[in-house]
Amino acid sequence: MPVVVVESPAKAKTIEKYLGGDYRVLASFGHVRDLPPKDGSVDPDHDFDMKWEVAADSKKHLKAIKDALKDDQNLILATDPDREGEAISWHLLEALAPALKKGAAVNRVTFNAITKSAVTEAIAKPRQIDQPLVDAYLARRALDYLVGFNLSPVLWRKLPGAKSAGRVQSVCLRLIVDREMEIEAFKPREYWSVHARLATPAGEEYDAQLVSLAGSKLDRFDLGTAEKAAIALSAVTSRDLTVASVTAKPASRNPWPPFMTSTLQQEASRKLGMGAKACMSAAQRLYEAGLITYMRTDGIDMAPEAVMSARDAIKAKFGENYLPKSPRMYKNKAKNAQEAHECIRPTDMMMSPDRLKVSADDQRKLYDLIWKRTIASQMEAARMERTTVEIASQDAQVGLRATGQVMLFDGFLRVYDQGRDDDEGEDSSRLPKIAEGEAAHLVPAAFDDELAKAREKGGDAISAPAGQRGAPGLLTDERAAAAARQHFTQPPPRYTEATLVKRMEELGIGRPSTYASIVTTIQDRDYVRKDKNRLIPEDKGRLVTIFLLKYFPRYVSYDFTADLETELDEISAGDRVWRDVLGRFWKDFSKALEGTSELRITEVLNAIDEALAPHLYPPRADGGDPRVCPLCNAGRLNLKTARSGGAFIGCTNYPECRYTRPLSAPDGEAPVGDRVLGEDAGDPISLKTGRFGPYVQRGEATEENPKPPRASIPKGWDAASLDLEKAVQLLALPRPVGPHPEDGVLVEAGIGRFGPYVKHGSKYANIPDVDEVFTIGMNRAVEVLASKQIRGRAPAAAPLREMGDHPDGGAIQVMNGRYGAYVKWEKVNATLPRDVQPEDLTLEQALELIAAKAAKSPKKATKKPAAKKAAPASKATAAAKPKAKPKPKPKAAE
């Protein structure tokens, strides 16, 4: 029977179900070959010859395919329908070539969805491997290897602590660093807005904002001070107001197009809090289960039959009013049509989320998002009426405006509305019935609650003139019918994964299939950390970016990277020769590498120090030299690197002066440097910053006492707000709690390498809260120690889940370990991937993990004791003794 090869076992299982017993479907488990991670894998001197190596794990999978081909030489390569899928098929063909006889039939098939109709139709229409797509893959792989393998060692040698650089990774990191520098350089600007609560003659209330004063239109910063705002507030409350005009305009909103890879990642981040990697992992599972179309695509068009199916679903579920007269068509904006596929959509439009039989929560939520977006994309537009009311004084000195909208028909909004990024939104307030020419009366006490809340928050109240009341950031008239609010311009927000992917897409950097891995890599390298879904560059990331901008500016240029992506797309379209593109790139890149060969670390640090000077040494309020050390007033501040790879600002007068501070502080806080907190028992208690972070110290180092008492600041404590009392408490640890009631041995509480603890003799037990170390009593300490010890041993951990029995016997369990959840079967422990939750793990996935782990860890041969020499047997005895049957070879783990 013909042999069909796909990437994953899950995909193989689904396809085999559709093809039946006439085909044998096997999995390659992804790529079977790659460039070995050593010098010379890509040889620029020999026309970029590439040396491929079959991965150790892939050898058994290739053997299974070769064994199957012995029975039937009809090979069908059915890997994913994109550049990466084409490359996997090419690698498979190259690796299987020795097993293929002359005249063997090798075909390539692709399908955008794993459904019975799509798979059988693809099998009926095979083709050959698309060589231009393979060439585009080869060019990208060679470029990434040449950049990473040649640039990363430069970073290691010249910039301690740097881990790697990449063709697109480094440009993505630059985006985040540039945004952070922009935020830090931002200077907020004050402005005020004036608002009034008005009422119609019928008593219905509405809000309006001052838009003109003294007959002139107000710009954003025209009311730049509290004094100007007070004058404007007085002008509004001292005049009678009338409705000058009421304008109602019909408006409509059309639905968003269906998802492509980047927009799916953005929306999953906004609405579900999913990172790009988690989003693509869940989408991969849905695709392999045949529930959605292929999830790596830059296309937004939909197959005609899918459009009609969506229209049928809309009519059945929502009625004809929600169905436009003609189908909606969306233009594909992909730069390269050859790599563009259909949008991401459900394979069955009638499969609404409530009917979906998927246990994994992330898959269920993502499917719900995809289904709603797809259905909404073919629904009727939303219709509304937007109303603008202009209010003016009789002398035309004051003008206010009230806006609002009324939804006339919700259309596609009944199903779906796209999430919004920072500073996006629209006015959706409702207005009462307002007539032109009617009086607009000020409503007393309208802002009383806002005034009270502003005062409760504390802070410096705005000085209010006669006839007005003030609070922090707020002014009202005596009747509180109008208010002036203080505002400050805000810096651009830090990137989220959603906004970063959106920006990369706008710049043409990277491609849909690479976004998730790029964003994940810069976090894994500790160049960027994620805090409350925001991406913040670490000091390592800053240094790498500035280094590359200084010595390799072209290769972290947004335009250069985007232009190179365009050339790579042209290769896949067959319009460029991939070796020519590599040749031009390598010629310039190798020269840039040569230019850094003589650089010394001190020279690099000085160059980075100079480039970062405006950020590292901002102007001082007193006008003094910002580089003068604030501790000794003699040395100068400059950039230094720590052994751990981090960087900090230190004094040139070291070791006499030990002033240090970090490159940056979170959320604009003042950096923490060495300072004396006070005195205790005649000793100065100092806060210092070392290679492992901030710590407190009693006294100073001397020849007699080179290592004075020190204590690290516990995790979660704010070093900037640390006071003398807390510092003395830290230095006094471990703290004696008292003698144990059973044996009289001293019980102590302290903070160790693994966090806060109580200790009884040689027995330790962790405490969950750091602060409890300073307050824990004997009863609580005994309780904590007792829960830790059961008959001298820790209690056996209960499994998180029982998965069932292994085909070879023995229970499969999901356990919780020190480094996360893992699958346990007999003596095999396989760690769960980061993107797989214990509750979502299937038995099939568990078996795959166990097989993979068992293959990596072969059993060691146990040494048998030497057998005693037996007396030589006679020939007759030897002939009579039956021959031992050969033991069957153990089966390879699958």
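This is a predicted model: local features need pLDDT of at least 70, side-chain atom pairs count only at pLDDT 80 or more; totals for chains, interfaces and linings use all residues.
Residues are numbered from 1 along each chain as its sequence is written, and side-chain values use heavy atoms, with hydrogens and water left out.

View 1. The model has three cavities of 30 Å³ or more; on a 1 Å grid over the protein atoms alone, a cavity is a set of points where a 1.4 Å probe fits but cannot get out, and lining residues have an atom within 4 Å of a point. Grid points are joined across faces, edges and corners, and the volume is the space filled by probe spheres set on them. The second largest cavity holds about 60 Å³. Around it sit Val147, Arg167, Tyr555, Phe560, Thr561, Leu564, Phe585 and Phe589. Helix 16 (558-572) and helix 17 (578-594) are the elements that each give two or more residues to this lining, and helix 16 has the largest share, with three. Sorted by class, the lining has six nonpolar, one polar and one charged residues.

**View 2. The open sheet 21-22-23.** Three strands pair antiparallel in this order; helices (H or I, at least four residues) and strands (E, at least two) are DSSP runs, numbered from the N terminus, and two strands pair if DSSP finds at least two bridges between them. Strand 21 (637-641) and strand 23 (660-662) are the edges with a single partner strand each, so one side of each has no neighbour in the sheet. Neighbouring strands are turned by 35° against each other on average, direction ignored. Strand 22 (647-651) is joined to strand 23 by three bridges, and Gly650 stands opposite Thr660.

View 3. Four bridges join strand 32 to strand 33 (811-817), and Arg801 stands opposite Val814. Contact means heavy atoms within 4.5 Å; axes are lines fitted to C-alpha atoms, for helices over the stretch in contact, and angles run from 0 to 180 degrees between N-to-C directions.

How values were computed: On a 1 Å grid over the protein atoms alone, a cavity is a set of points where a 1.4 Å probe fits but cannot get out, and a pocket is an open set with protein on both sides within 12 Å along at least five of seven lines; lining residues have an atom within 4 Å of a point. Ala, Val, Leu, Ile, Met, Phe, Trp, Tyr, Cys and Pro count as nonpolar, Asp, Glu, Lys and Arg as charged, and the others, Gly among them, as polar.
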